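Let's take a walk through this protein together. Have the sequence and the 3D view open as you read.

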Amino acid sequence: MGSTVIDIPDGETVAAAPKERKTKKFDSCCLANINIISFLREKKNRHDIKKVIHSIKVGIALVLVSLLYLLNPLYNQVGDNAMWAIMTVVVIFEFFAGATLSKGLNRGIGTVLGGGLGCLAAAFAQAVGGIGRAIIVGISVFIFGAAATYTRQVPNIKKKYDYAVTIFILTFNLVVVSGLRAEEVLVLARSRLSTIVMGFAICIFISLLVFPIWASDELHDSFVSRFQDLARSLEGFSKEYFADITEKEKKSSANYFSSCKSILQSKPKDESLVLFARWEPWHGKFGFSYPWRKYLQLGEELRDLATIILSLKGCLKTPTQSSEALRQSIKEPCEEIVSSLAWALRELGESIKTMRKCRSEDAIVPKLKSVRLELSLIMTPSILGTNLEKADGLGLASLVYSLMEMVEKMEELAKEVEELGELGGFHKNS
């Protein structure tokens with residue numbers, strides 16, 4: 001009788017290999033998620049430390065300005081007007097140094113203009129006397145109040161000088177309607193202005209010299225992190241799209257796309273930080289003429305790119321998703337394409353972080369051109385076959401079209417970063 005020998009150990013080895021590969025893939029995915037979570041926690045901790053520092057600085061400023069009340073020699077000089085110094089600290093001390101400087105100067109401009117015009121109107125009303133005094137006060141309050149309120153609705157003024165206009169209206173009405181004589185108004189305005197200047201000086205001294213929190217650093221670092229977030233989102237989508245069914249059950253696209261959603265909502269914050277950064281003095285690596293407005297254009301490009309990456313989420317849904325066989329046939333070239341796009345994003349972010357001119361013409365643009373060529377090769381009849389009119393082909397076409405859009409947007413983004421390097425005086429790569 002013949003016999004057949006079955007090598008069971010070898011069979012066990014062959015069967016175990018795919019499981020080991022799946023385990024390694026799952027472990028690498030878990031490690032990536034852990035790294036993202038730890039990065040977010042570290043970022044949150046740094047922001048919490050800044051909050052504590054800001055709170056301590058405000059407390060120190062309030063203690064210093066309270067000395068105007070606590071010390072008799074100082075109180076004898078300023079009297080009850082010391083209250084205005086305390087109010088100034090409470091109102092103008094902001095989280096960022098640029099915001100404090102902006103609000104302080106706005107308060108000074110509004111106080112000086114409102115007090116000066118109020119004194120003139122009060123002096124004129126006092127000279128007329130009688131019932132004409134009340135008429136002049138009423139007319140002046142109406143004209144200046146209405147005109148100032150109208151200017152608050154002008155977009156550029158509202159964005160930059162809204163607080164100054166508010167203080168102008170308040171100060172003008174307090175001075176005009178006070179009913180004091182002209183000479184008493186001048187004395188009161190001078191004493192109050194001096195205490196406001198004291199409060200402003202204390203705020204600026206502590207904000208700029210004691211552990212300053214710069215809006216420019218916050219803006220700069222936030223843009224660097226956005227490039228990293230978009231690269232991680234793109235890589236996360238690629239891993240989930242080309243994973244098999246068992247791996248997809250263990251993954252969630254929420255972590256990958258949450259950063260894209262936050263980028264889409266970043267415009268108001270960017271505009272505020274740019275406004276505050278332009279008020280800040282020369283510090284560190286940022287000079288007086290640094291092109292902060294260029295960051296607004298970069299933000300628009302990044303939001304467009306985040307929109308395209310979010311649109312890829314539709315490719316993960318079952319009705320529009322390509323079949324397993326078709327996805328596996330394009331897995332290798334698509335993963336290389338995604339890897340190239342993520343590399344380009346990180347290169348652009350690193351260029352901004354280190355303030356060195358990016359190699360857009362030498363490395364990034366040629367890389368994007370090769371990606372465009374690879375995408376055109378994917379959409380060939382040999383790969384699509386007869387699936388073009390089916391859901392498989394449509395899902396793949398949607399994916400490739402989104403990637404092509406991404407390449408075009410990244411070419412524009414590379415140009416913006418290069419222009420930022422030219423205007424901001426970035427160093428050349430050694």
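Predicted model: local features only at pLDDT ≥ 70, side-chain atom pairs only at ≥ 80, totals over all residues.

An unreviewed UniProt entry places the feature "transmembrane region" at residues 52-71, 83-101, 131-151, 163-181 and 193-215. Let's look at two of those. Residues 83-101 are 79% helix and 0% strand, with the end C-alpha atoms 21 Å apart. Residues 193-215 come out at 78% helix, again with 0% strand, and here the end C-alpha atoms are 28 Å apart.

Now for the cores. The largest nonpolar core has 66 residues, and Leu230, Tyr295, Leu341 and Met406 have the most contacts inside it. Several helices give two or more residues to this core, among them α8 (215-241), α14 (331-354) and α17 (391-424). It's α17 that gives the most, with 11 residues. This core also draws at least three residues from each of domain 1 (44-209) and domain 2 (215-424). Apart from it lies another core, of 14 residues, including Val65, Val78, Ile167 and Ile202.

Zoom in on Leu230 next. Setting aside neighbours within four places in sequence, Leu230 touches Cys260, Ile263, Leu302, Leu305, Ala306, Ile309 and Leu345.

How do α8 and α14 sit against each other? Their axes come within 9 Å and cross at roughly 170 degrees. Angles over 145 degrees count as roughly antiparallel, so that is how α8 and α14 run relative to each other. On the α8 side the contact includes Phe227, Leu230 and Leu234, while α14 brings residues including Leu341, Leu345 and Leu348.

Methods
Residues numbered from 1 in each chain as written. Heavy atoms only, no water. UniProt positions renumbered as here; feature names shortened; annotations may be inferred. Helix = DSSP H or I, 4+ residues; strand = E, 2+ residues; numbered from the N terminus. Core = buried A, V, L, I, M, F, W, Y, C linked by side-chain atoms within 4.5 Å. Buried < 20%, exposed > 50% of the residue type's maximum accessible area, 1.4 Å probe, protein only. Domains from an automatic or database assignment. Contact = heavy atoms within 4.5 Å. Axes fitted to C-alpha atoms, helices over the stretch in contact; angles between N-to-C directions. Parallel < 35°, antiparallel > 145°, perpendicular 65-115°, else oblique.
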